Amino acid sequence: MPPKPLDLVSINENVKKAQYAVRGELYLRATELQKEGKKIIFTNVGNPHALGQKPLTFPRQVVALCQAPFLLDDPNVGLLFPADAIARAKQYLSFTSGGLGAYSDSRGIPGVRKEVAEFIQRRDGYPSDPEFVFLTDGASKAVMQILNTIIRGEGDGIMVPVPQYPLYSATIALLGGTLVPYYLEETANWGLDTNELRKSVSEARYKGLNVKAMVIINPGNPTGQCLSQENLREVLQFCYEENLVLLGDEVYQTNIYQDERPFISSKKVLMDMGPPLSKEVQLVSFHSVSKGYFGECGQRGGYFEMTNIPPETVDEIYKVASISLSPNVPAQIFMGLMLNQPKPGDISYDQFARESKGILESLRRRARIMTDGFNSCRNVVCNFTEGAMYSFPQIRLPPKALEIAQQAGKAADVYYCLKLLEATGISTVPGSGFGQKEGVFHLRTTILPAEEEMPAIMDSFKKFNDDFMEQYDDHRGYSRL
Ligand code: DCS
């Protein structure tokens with residue numbers, strides 16, 4: 001019998017090649033242990049509501065009314081819902097033809113695309129055209145759609161930071177393109193060095209690749225760094241000189257935990273640079289309702305904005321989007337609500353401001369507790385989480401631990417993370433899932449566990465780590481930068 005079409009040997013090789021560690025071996029083992037009754041702290045995914053973050057009241061009120069429009073006809077609706085939520089719900093319903101149960105245009109609801117463009121304009125001080133904004137099912141789908149448009153085959157290279165969020169490596173593998181890595185510098189707070197970019201692009205071109213795009217993740221995942229204006233200018237200049245489209249992943253733009261480098265968008269920096277760059281460099285920027293203080297990961301809402309992309313290409317992307325008919329309609333409304341929030345004087349303003357500020361301030365404190373906790377551990381060094389939702393400590397493993405891991409048939413960081421999981425229930429992602437320099441080991445945790453649980457979690461990590469190091473450290477020196 002020949003193999004059947006969906007037997008493993010017959011399926012698309014690219015599917016097998018794509019790796020996604022955030023839900024990989026560690027996650028699977030954690031789910032098994034949970035089934036056996038062990039308490040697991042899932043810090044492997046940036047999924048705030050799963051770790052207890054409460055939804056913001058106002059957006060949920062508006063979407064609840066949109067989902068159940070008959071409530072709007074109830075004479076008591078004003079007792080349960082504030083007038084501004086009722087007005088917004090009616091407005092969103094008027095944007096749709098058939099409410100939330102109807103497909104929207106494949107690019108998203110025009111009224112929401114307009115809200116997105118207005119937000120970008122307010123944020124950056126430059127015009128944004130809703131015709132170049134598409135709404136998507138989360139930023140993941142947006143990134144996939146754009147990479148799909150760029151990649152023609154394995155000759156096309158996409159520059160990706162290492163360490164990186166594996167959406168990029170996995171999608172490039174799925175689409176049969178080639179990942180061109182550029183390394184972030186851990187000893188410079190995960191900074192981005194243009195010499196490294198030039199080295200990376202010339203090596204790739206030497207191998208015959210057609211390097212077409214460069215990805216930046218700002219603030220960084222898993223690395224947490226925030227790019228300075230100067231750094232962004234260098235990146236855009238580099239893209240101009242090397243004829244690359246810049247893919248600016250800015251999903252963490254409101255997750256900022258320091259004041260020295262506030263978030264600044266790639267679009268603003270590009271426009272500030274003026275012509276010829278502002279008219280020529282192609283840029284696609286991504287955002288999401290999953291992060292920030294909304295943290296509405298389950299709703300699956302995202303957008304991308306295209307700058308300097310020819311209308312004919314936009315039409316092609318529209319055509320491809322229309323194969324999926326419509327992005328999630330409720331998620332589009334969350335996007336509208338995230339970017340067009342209650343204003344001072346609105347009935348819901350105070351509560352909205354209190355709730356959102358509370359979440360961000362707590363995240364800022366948690367970023368500090370976590371970094372300090374890691375840095376108090378033996379053979380662990382960790383850069384401060386300047387932004388995003390993750391901590392990415394380097395674990396300096398003694399040679400004996402490397403030998404034991406090898407005997408167990410595991411990568412050393414995977415071995416360490418598995419032991420950590422078994423001992424403490426803390427479910428992390430090994431650094432190898434994001435890429436790291438040869439011989440250097442990391443893990444990634446989110447900074448999302450509840451603030452009151454954080455000290456106990458860090459104590460239990462420290463106890464595990466220091467015991468582990470005590471067991472294997474024989475003072476022969478250990479893996480390090
Ligand atoms: N881009 C980056 C840099 C991300 O970290 C994520 C999600 C996404 C895009 C996709 O987000 P949505 O599709 O939900 O809009 N981050 C994952 C992570 O590392 N942990 O949790 C999710």
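Strand pairing before anything else: I count two strands as paired if DSSP finds at least two bridges between them. Strands (E, at least two residues) and helices (H or I, at least four) are DSSP runs numbered from the N terminus. This is a predicted model, where local features need pLDDT of at least 70, side-chain atom pairs count only at pLDDT 80 or more, and totals for chains, interfaces and linings use all residues. Residues are numbered from 1 along each chain as its sequence is written, and side-chain values use heavy atoms, with hydrogens and water left out.

I found an open sheet of three strands in the order E10-E14-E13, with antiparallel pairing. E10 (390-391) and E13 (429-430) are the edge strands with a single partner each, so one side of each has no neighbour in the sheet. Two antiparallel bridges link E10 to E14 (residues 443-446). Tyr-390 has Thr-446 in E14 as its bridge partner.

**Ligand.** Tyr-390 turned up again here: a polar atom of its side chain is 3.3 Å from a ligand nitrogen. I took a polar contact as a pair of N or O atoms within 3.5 Å. Tyr-252 has a side-chain N or O atom 2.5 Å from a ligand oxygen, and for Asn-221 a polar side-chain atom sits 2.6 Å from a ligand oxygen. The ligand alone exposes 500 Å², and the protein buries 95% of that (Shrake-Rupley areas, 1.4 Å probe).

Most residues other than glycine have a negative phi, and most peptide bonds are trans. I noted a cis bond between Val-162 and Pro-163, omega about 5 degrees; Pro-163 is in the loop between strand E3 (156-162) and helix H8 (167-174). Pro-275 and Pro-276 are also joined by a cis bond, with omega about 5 degrees. Pro-276 is in the loop between helices H11 (266-273) and H12 (277-280). Trp-190, not a glycine, has a positive phi of about 60 degrees, and I found Trp-190 in the loop between strand E4 (178-183) and helix H9 (194-206).

Methods
A polar contact is a pair of N or O atoms within 3.5 Å; within protein, one must be able to donate a hydrogen and the other to accept it, and residues adjacent in sequence count only if both atoms are side-chain atoms.
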